[in-house]
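User: Hi! Could you walk me through this one? I'd like to start with the charged pairs, so please tell me first how you count them.

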Amino acid sequence: MTAPGTIHGIGLGPGAADLMSVRADRLVRAATHVAYFRKAGRAGHARRIVEGLLRPDAVELPMEYPVTTEIPVDDPAYAAALAPFYAAWADRLAAIATHGHDVAVLCEGDPFFYGSFMHLHTRLAGRVPVAVVPGITGMSACWTATGQPVTWGDDALTVLSAVLPEAELAARMCGSEALVVMKLGRNLPKVRRALAAAGLTARAWYIEQGAMPGERALPLSDKADDAAPYFSMIVVHGKGRRP
Ligand SMILES: C[S@@+](CC[C@H](N)C(=O)[O-])C[C@H]1O[C@@H](n2cnc3c(N)ncnc32)[C@H](O)[C@@H]1O
């Protein structure tokens, strides 16, 4: 009997290849089977991070989402499209591992922090060996791009998804010390209004493409337009104890 291979969910960090961990770099360079999520017709951000690092004979397995932003996430059609997609890929990767091959699943940032890999992980754990390599998160790159620490002393850090309804965003922002708002993109106008309702506009920073080519960080009040790419977020720095 062949010993099963391991499916590695590999956190690649926020974008620059030299922000990958030594373990991630070693696994990526050695991988014979490399899987990664991407929007149909796109190269895939995680795949771009490892450009030039893969073995020439590596088998590539692009996992193309059946939907991304075309259907709202709270529409039952969204889960109905994605659940079978994740199940089919979990089956396919499990079959490769069962034949004795390791699989590297490339993940932007950290796999367990709002990453799609977690939907494979829940379907694979207990069936075949699965291992996760943590990565530097996008938010870490983004607050670094602002040139200021994000949490001081005993500051609590609130992390929100901009997909939440405006009233819920505003309610959760109120009383926040340090704050990160992920998944900004087309939600920027809504997030601006919620920040204003919570009295945080003056302290908010807008960051796009953290640790990637085209990185930009500026106070939100200096951003005149509401155009925000997928890789963008808001950071509000804490004001905690400073000896
Ligand atoms: C699905 S989440 C993935 C988070 C990722 N697993 C991580 O550890 O950061 C995608 C969101 O993360 C944020 N993000 C991740 N990396 C980023 C980066 N390098 N620059 C700006 N935003 C980033 C954006 O808000 C984006 O919409």
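Analyst: Happy to! A salt bridge here is a side-chain nitrogen of Lys or Arg within 4 Å of a carboxyl oxygen of Asp or Glu. This is a predicted model, so local features need pLDDT of at least 70 and side-chain atom pairs count only at pLDDT 80 or more, while totals for chains, interfaces and linings use all residues. Residues are numbered from 1 along each chain as its sequence is written, and side-chain values use heavy atoms, with hydrogens and water left out.

User: Good. How many salt bridges does the structure hold?

Analyst: There are 12 salt bridges. One of them pairs D25 with R29, with the closest N and O atoms 2.9 Å apart.

User: Where do D25 and R29 sit relative to each other?

Analyst: Both are in helix α1 (residues 22-30), and because they are 4 residues apart, about one helical turn separates them. Helices (H or I, at least four residues) and strands (E, at least two) are DSSP runs, numbered from the N terminus.

User: Which residue does R47 pair with?

Analyst: R47 forms a salt bridge with E60, and their closest N and O atoms are 2.8 Å apart. R47 lies in helix α2 (residues 45-49) and E60 in strand β3 (residues 59-65), so the pair ties together parts that are 13 residues apart in sequence. R47 is buried at 14%, whereas E60 is partly exposed at 33%. E51 joins in as well: R47, E51 and E60 are linked in a network of salt bridges.

User: Nice. Switching topic, which strand holds H33?

Analyst: H33 lies in strand β2 (residues 33-39), and counts as buried at 11% relative accessibility. Its side chain makes a polar contact of 2.9 Å with the side chain of T32. A polar contact is a pair of N or O atoms within 3.5 Å; within protein, one must be able to donate a hydrogen and the other to accept it, and residues adjacent in sequence count only if both atoms are side-chain atoms.

User: What else is H33 in contact with, beyond its sequence neighbours?

Analyst: Leaving aside neighbours within four places in sequence, the contacts of H33 include V59, L61, I96 and H101. Contact means heavy atoms within 4.5 Å.

User: OK, now the ligand. How many residues surround the ligand?

Analyst: The shell has 18 residues, and the closest are E108, F113, K183, Y230 and S232.

User: How much of the ligand's accessible area does the protein cover?

Analyst: The protein covers 96% of the 560 Å² that the ligand has on its own. Those areas come from the Shrake-Rupley method with a 1.4 Å probe; for residues, only the protein chains shown count as cover.

User: Last one: which elements supply at least two residues of the shell?

Analyst: α5 (138-145) and β10 (232-236) each do.

Notes. A residue is near a molecule or strand if one of its heavy atoms lies within 4 Å of it. Buried means under 20% relative accessible area, exposed over 50%, partly exposed in between (1.4 Å probe, protein chains only).
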